[in-house]
Structure formats: C-alpha cells, structure tokens
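Hello,

Here is the structure I promised to hand over. Please look through it, then read my notes below.

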Amino acid sequence: MTDEHDIGDALTLLADSGEPISIYPASSTNVVMARIKSVDPENPYFVLELNEGEFLPPGEATFVAWLRSAKIQFKLSSDGWPSLPEQPTLLNLEFPLKCLVLNRRSSARLETPLGVYYMASFVLNGKPYELQLYDFSAGGVGMRAAPRDAVGLHVGRKLQRVRLELGPDSVMIADLEVRLSRTFRSFLLGEQVQIGCQFSNLSPMMEEELKRLLDKLNSSKQRFG
C-alpha cells in the first residue's frame with residue numbers, strides 16, 4: 001500500500017477502532033504499546049499515543065497492528081520522536097511511505113454488537129473463568145479481560161469445554177487453544193489483556209452450527225447497520 005490516501009484511510013480506521021499498535025524498535029528488544037489517537041484530515045500526519053510509562057527510543061521502529069481481517073506493518077525512523085508540547089506520550093508523526101498488508105486471516109472476523117455481552121465461560125485447573133468476547137469467526141474467538149482475570153491464559157494453553165454465548169439463545173461448547181495474548185490500555189476500562197483463541201477438534205456438526213451463528217450475526221449487523 002503506497003497511496004497516501006489509502007494509508008490515511010487505514011490509519012483513520014485504526015484510530016476509530018482504538019486497535020493497539022505494537023512497536024518494535026530496532027535498537028531494543030522491548031515492545032512498545034500505543035494506539036493512534038487522531039489523523040490529520042488534510043495533511044499526511046497522525047498523532048500516536050504511547051501507553052502510560054512507555055518510551056520510544058530514537059532510530060528505526062516497526063509498527064504492527066490488526067486492521068479488520070489483516071495485519072498491517074510499516075516502518076518509521078526518527079533521531080528524536082517529535083512529541084506535542086508538554087505531552088511526551090503524544091507523538092506527531094508523518095505518514096509512512098508504504099504499508100505492508102500481511103497474514104490475512106483465513107476467515108473473516110465479526111465484532112460482537114455493542115451493548116450485548118457475548119461471554120466465554122470455562123474452568124482451568126479448578127479455577128472458573130468468565131471473559132467477554134469481542135469478536136469471533138469460523139476459526140476462533142477474541143476475548144478480553146482485566147489482567148487479574150486473565151492469569152494463566154498463556155499462548156499455547158488448551159481450554160476444554162468452553163461455553164460460548166454467541167448472542168441471545170445461542171450457546172455452543174467448544175475446545176480452544178490460546179494463540180495470542182497481549183496487553184493494551186482502554187480509555188474506558190483501563191489496562192486489558194486481549195486473548196485470541198483458535199478452535200480445536202470441531203466436529204462437522206459444530207462447524208455447521210458456528211457457520212449458522214456467524215450468518216445470523218452478519219445479517220443482523222447488515223440489518224441494523
């Protein structure tokens with residue numbers, strides 16, 4: 001992606017969604033977490049907000065984020081990242097010259113509707129968990145929780161007989177494997193952990209049921225916009 005308008009649209013979508021940005025400085029092994037706060041509607045600049053306590057060292061850095069069903073990546077470099085006056089966590093950055101679109105997900109994900117709580121409930125090592133779902137697809141689900149409610153949910157952890165509430169009167173039981181775990185800061189909820197899980201051992205009957213639930217949610221989103 002090299003067109004300035006396309007890049008601006010992508011950055012605007014990231015700003016609107018509040019999707020966390022993972023930044024990998026070339027000079028450090030630490031991952032810096034941030035989000036895009038705003039995009040200039042007329043000029044090729046955007047404001048990046050670093051998470052509280054984060055610092056972006058000088059030099060080249062790689063920025064990575066999920067945008068809808070794909071991962072986007074771009075690089076920027078600065079000898080001294082320009083911050084807004086008296087606001088060191090807000091960086092005023094120029095658009096990258098190009099963005100790479102990587103690793104498209106094998107199945108489109110649908111966000112769960114606002115105001116409706118879709119939940120995942122399960123027991124792990126004798127401890128009950130109940131996490132909110134924020135999206136799901138034919139391949140897996142995304143969950144989020146406060147750090148204290150996500151203890152033990154490491155990448156590679158297998159979750160058995162997870163009860164998934166996927167809308168009114170729609171419940172299915174499935175096995176999951178944790179494939180992603182990352183921390184981000186929500187302005188409404190504070191620090192949160194995002195947990196991405198992949199379905200495992202789905203029977204053909206369960207796959208059909210999941211497809212039906214996805215079609216049902218998709219049609220309701222189109223109906224209500």
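Helices (H or I, at least four residues) and strands (E, at least two) are DSSP runs, numbered from the N terminus. The model is predicted: local features need pLDDT of at least 70, side-chain atom pairs count only at pLDDT 80 or more, and totals for chains, interfaces and linings use all residues. Residues are numbered from 1 along each chain as its sequence is written, and side-chain values use heavy atoms, with hydrogens and water left out.

Start with Trp66. It sits in strand 4 (residues 59-67). Its relative accessible area is 15%, so Trp66 is buried (under 20%; exposed is over 50%, partly exposed in between; 1.4 Å probe, protein chains only). Ile21 is 45 residues away from Trp66 in sequence, yet 8.1 Å away in space, C-alpha to C-alpha.

Next, the salt bridges. The rule asks for a side-chain nitrogen of Lys or Arg within 4 Å of a carboxyl oxygen of Asp or Glu. The count is four. Among them:

- Glu177 and Lys158 pair at 3.2 Å, N to O. They link distant parts of the chain, strand 14 (residues 171-186) and strand 13 (residues 158-165), 19 residues apart. Lys158 is exposed, at 56%.
- Arg163 and Glu165 pair at 3.8 Å, N to O. Arg163 is partly exposed at 38%, and Glu165 is partly exposed at 25%.
- Arg212 and Glu209 pair at 2.8 Å, N to O. Both lie in helix 2 (residues 204-224), three residues apart, about one turn of the helix.

Best wishes
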